Structures are given as C-alpha cells and as structure tokens.
Amino acid sequence: MKKFAVLVFILLAGLGISCSHANKASKETRVLIKTDFGNITVKLFDETPEHKKNFLKLAEEGYYNGLLFHRVMQNFMIQGGDPDSKNAAPGARLGAGNPGYTIPAEFVPTYFHKKGALAAARTGGPSNPEKRSSGSQFYIVQGEVFTPGKLDTMEMMMNSRTKNQFFQDQFKASSEQLDEFRKNNDQAGFNVCVAEIRAKADSLWTTHNKQSFTPEQREAYTTIGGYPSLDAEYTVFGEVVEGLDVLDKIAAVETDPNNRPKSDIKMEVEVVK
C-alpha cells in the first residue's frame, strides 16, 4: 500500500510539473503574419516590453492588415509596416511612413540578428542618436551563413570603427584647448597637446570594452546564418518560430531599384490566442 501511495504521489508530481510547463509555454505571445506565400509565426520577447506592447496593439487594431513588405533584399531581410504602403501606386517609393511616434531602444544582448530575428526598423544617422525604433516598421532577418574567419574579420572591423569614434570623442573633448593653440599660432604647443591627447586615448582604450561575438552568436551565424553587423544597432524584439521557408520565398522575389517587390506582397497580422 505504501509503495502504491508513493507511486501515485510521483505521478501527480510529474503531472503538476508538466502542467506548469504547459502553462508557461501557453503564456508565450505569438503573432501570425499571413501572406500569399504562406504564414510566418513570430514569438514576441517579454524582455522588450515596449516593443512587444506596441506590436500587439497595432496587430489587434488591424493596423498592419493590407500593408506591404515594401523592402526586400535577399540574404539580408524583408521589411514592412509602412502605413503609406497600403494601396500604394505601383513603383511608388516607400519606407518613410510611420504612426507619428517612436519607441525607445531595448537592446538585449541575448537577442541578436540571427536568421528569423524580428526587429524594429529606425531612422539612422546623427538625427537619431538614441537609436529609437520606428513606431510600426519592422523587418525579419534572412541574412547569410558566415565562416568563423569572416566573423573574426568583422569583429576587427567593428572594433576599428569603435576605436576611431573613441579617439574622435577624446579630441572633441579637448577642442577648446586645441582651438586656443590655433588662435595663437602656437604650432609647437598644438603638436604637444595632440600627442598628449593621443597618448591618453591609447591608455584609456586598453581598458575599453571591445566588441566580440558570444559563443551563441558564433554558433548561430555559422549554422543558420544572420546579419551580425546590425547587433546593438537595432532592437530585436521577437523571432520566427514557424515559416522560415516563407521568409526565404519572399526574400527571393524580383524587386525594383528601390528594393520594392515588383508584385505587391500584402500582409495580414493577427495575435494568436
């Protein structure tokens, strides 16, 4: 009898664990993107709450329904969510539309631009130093598979750019002092000052955080592929869980010089309950 009671307890405990796992899985928020090429199911990340909340809000309002994947680049990504793309004239240049607001960047190191990553588009350049995301435009990464050597080269290039920017910032901080030497035509003093700034920058750079790919990134980028140069530049807020084949089909369509598909690819977006 004791053995029977213990067995029942173990079975019930196992059932409880299974149910708790099922409940945890059921809390995943998924969104279905329907196209004529098939459906893509994406999972939204809890760790990017502002992007998740906004994407769900727009999907539930039907905002995306009838919009186009207006920018498609094979071995890179497919992009949509421009409100101006709805019923847009053939050949019209798209990509500037938005809902009138942006979203603060939410960079999470564990989420990166592997194939299938769902990320927010944004305005680039100095006009957007905080890297705020578009209120509606998003893209799904297709990318390409990288060799370990190519990733090593990319790391060196990224750190070289970061170092150049770091040195520029050091000189910018001393711009008033350098201007004073210029005004006084003191070339010798100017040269000494420049050498001191450079020496200080060299010293500081040795302790500066360098960019490097994690083992998880290297595993993904050398197997399924992706687009690593976008990491920490654009917010990744979800990933494809079904429909990578549909992503590949859309990425392969014929496009015009502005990367707009020659035949419109409309989307219908709904939250999976």
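This is a predicted model: local features need pLDDT of at least 70, side-chain atom pairs count only at pLDDT 80 or more; totals for chains, interfaces and linings use all residues.
User: How many salt bridges does a search of the whole structure find?
Analyst: Side chains of opposite charge can pair when their charged atoms come close. Searching the whole structure for salt bridges gives a total of 17.

User: Which residue forms a salt bridge with lysine 43, and where does that residue lie?
Analyst: The closest N and O atoms of the pair are 3.4 Å apart. Lysine 43 is in strand S2 (residues 38–44), and its partner is 196 residues apart from it, so the pair links distant parts of the chain. The partner is glutamate 239, in strand S9 (residues 236–242).

User: Is glutamate 239 buried or exposed?
Analyst: Buried means under 20% relative accessible area. Lysine 43, its salt-bridge partner, has 18% and is buried. Glutamate 239 has 17% relative accessibility, so it counts as buried.

User: Which residues are linked with Lys43 and Glu239 in a network of salt bridges?
Analyst: Lys43 and Glu239 form a salt bridge with each other. The network that holds them also includes Glu28, Arg30 and Lys114.

User: Which helices does the salt bridge of glutamate 155 with arginine 218 tie together?
Analyst: The closest N and O atoms of glutamate 155 and arginine 218 are 3.4 Å apart. The two residues are 63 apart in sequence, one in residues 148–173 and the other in residues 215–221. Glutamate 155 is buried at 16% relative accessibility, whereas arginine 218 is partly exposed at 22%. The pair therefore ties together helix H3 and helix H6.

User: In the salt bridge of aspartate 264 with arginine 260, which residue is buried?
Analyst: The closest N and O atoms of this pair are 3.0 Å apart. Aspartate 264 has a relative accessibility of 38%, so it counts as partly exposed. At 4%, the buried residue is arginine 260.

User: What is the relative direction of H4 and H5?
Analyst: The axes of helix H4 (residues 175–183) and helix H5 (residues 187–205) come within 9 Å and cross at roughly 160°. Angles over 145 degrees count as roughly antiparallel. H4 passes H5 in a left-handed crossing. The two helices are therefore roughly antiparallel.

User: How many residues in the contact of H4 with H5 are nonpolar?
Analyst: From H4, the contact takes Gln177, Leu178, Phe181 and Arg182. These meet Gly189, Phe190, Cys193, Val194 and Ile197 in H5. By class, two residues of the contact are polar, one is charged and the nonpolar ones number six.

User: How does H3 lie relative to H5, and what is the handedness of the crossing?
Analyst: The axes of H3 and H5 come within 10 Å and cross at roughly 135°. That angle makes H3 oblique to H5. The crossing is right-handed.

User: How many charged residues does the contact of H3 with H5 have?
Analyst: H3 contributes residues including Asn159, Lys163, Phe166 and Phe171. Those of H5 include Val194, Arg198, Asp202 and Trp205. The contact has eight nonpolar and three polar residues, and its charged residues number three.

User: How far apart in space are glycine 38 and glycine 243, C-alpha to C-alpha?
Analyst: Glycine 38 lies in strand S2 and is partly exposed at 22% relative accessible area. Not counting residues up to four places away in sequence, glycine 38 touches Ile33 and Val246. Glycine 243 is 205 residues apart from glycine 38 in sequence, but the C-alpha to C-alpha distance is 7.6 Å.

Note on methods:
Residues are numbered from 1 along each chain as its sequence is written. Side-chain values use heavy atoms; hydrogens and water are left out. A salt bridge is a side-chain nitrogen of Lys or Arg within 4 Å of a carboxyl oxygen of Asp or Glu. Helices (H or I, at least four residues) and strands (E, at least two) are DSSP runs, numbered from the N terminus. Buried means under 20% relative accessible area, exposed over 50%, partly exposed in between (1.4 Å probe, protein chains only). Axes are lines fitted to C-alpha atoms, for helices over the stretch in contact, and angles run from 0 to 180 degrees between N-to-C directions. Angles under 35 degrees count as roughly parallel, over 145 as roughly antiparallel, 65 to 115 as roughly perpendicular and the rest as oblique. A crossing is left-handed if the near helix is turned anticlockwise from the far one by less than a right angle, and right-handed if clockwise. Contact means heavy atoms within 4.5 Å. Ala, Val, Leu, Ile, Met, Phe, Trp, Tyr, Cys and Pro count as nonpolar, Asp, Glu, Lys and Arg as charged, and the others, Gly among them, as polar.
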